[in-house]
Structure formats: structure tokens, C-alpha cells
Amino acid sequence: MNGTLDLKDILVNMNPVLKEEEYVFCSFPSLSSEASHHLNPVSTFQEDEGLSLIITRNVADINGISYDSVFKRITIQLHTSLDAVGLTSLLSTALAGKGISANVVAAYYHDHIFVPSEKAEVALETIKALKC
């Protein structure tokens, strides 16, 4: 199933949803992807420096895992194509204009934007304002 490719179609049909859960980014130099399953990560990425995970703040706190910042996730509820051009740039530029960092994760069906928890509501409204 192909996702939406045209940026204008994405902007017309996107439905950004703010998730209530808080998330943190962390890295483990010697942890394998298989060994990370008990942390229930929403995302993993193997970097040269170690395995990076996005996990809930609650899981990090329970397991004594340190983190620098706390984020909330905004999910674009539209199956966007991985070949779509300009969405990440548009989202990050709009959020940068409000002084909000945007950590974008493109998955198969949706784009997810992790924004600082304290700025999540403003970020959601900023993204909604992009809708045509």
C-alpha cells in the first residue's frame, strides 16, 4: 500500500495527533537490539556510538536510565509516502519559527515529531495551522 506522495495532498488531509505519553532519547554503547526489548522502545537506531532508543519517560525512570530532555510525540495520522518531498522541511521550519526543536522520525505509515514536552501544545497548533 503506497502512502500519500504529494505535499499539498498531505497538508490537506493530515491529522496531527498529540500523544499524552512522555518520551526520552537514550543511547547504550553495548546493548543489542534484542536485549533492549524489555525497555519496550518505540524506536531503535543503531549508531556508531551505540544503540539509540526512544522509550517512555516512565520506563526510563523505573530502570534508572538517565536522559537529557523530555518530549511528547505528535503523529501525522495519514499514511505518507517515504518518497514524499518537503514534509519534514515544512514541519521543522514551522516549528523552528516558534523556537521549538523537532526530532522527526519517519516510519512506514506515519511521520512522528518529538517536541519538548513543555512546548507540545504550541507545536500541535503550529502544525495544524499548516493544514490547507
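This is a predicted model: local features need pLDDT of at least 70, side-chain atom pairs count only at pLDDT 80 or more; totals for chains, interfaces and linings use all residues.
1. Start with the layout. The protein chain has four helices and six strands, and from the N terminus on the order reads α-β-β-β-α-β-α-β-β-α.

2. A compact globule of 132 residues would have a radius of gyration near 14 Å, and the protein chain comes in at 15 Å, so the two agree. Along the principal axes, the C-alpha atoms fill a box of roughly 45 × 35 × 25 Å.

3. Now the contacts. Take those between residues at least 6 apart in sequence: 72% of them join residues at least 24 apart.

4. As for burial and surface, 39% of the 132 residues are buried. The accessible surface is about 7500 Å², with 50% of that belonging to carbon and sulfur atoms.

5. A quick word on charge: the protein chain carries 9 positive and 16 negative charges, and their mean positions sit 11 Å apart.

6. Strand E6 deserves a look of its own. E6 spans residues 111–116, and six of its six residues are buried. Strand E4 (residues 71–76) runs antiparallel to E6, joined to it by five bridges; within that pairing, Phe 71 stands opposite Pro 116.

7. E6 also pairs with strand E5 (residues 103–106), again antiparallel, through four bridges. Here Val 104 has Ile 113 of E6 as its bridge partner. E5 and E6 make a hairpin, with four residues between the two strands.

Technical notes
Residues are numbered from 1 along each chain as its sequence is written. Side-chain values use heavy atoms; hydrogens and water are left out. Buried means under 20% relative accessible area, exposed over 50%, partly exposed in between (1.4 Å probe, protein chains only). Two strands pair if DSSP finds at least two bridges between them. The radius of gyration is taken over C-alpha atoms; the globule rule is 2.2 Å times the number of residues to the power 0.38. Contact means heavy atoms within 4.5 Å. Accessible areas come from the Shrake-Rupley method with a 1.4 Å probe; for residues, only the protein chains shown count as cover. Lys and Arg count as positive and Asp and Glu as negative; His and the chain ends are not counted. The place of a charge is taken as NZ of Lys, CZ of Arg, CG of Asp or CD of Glu.
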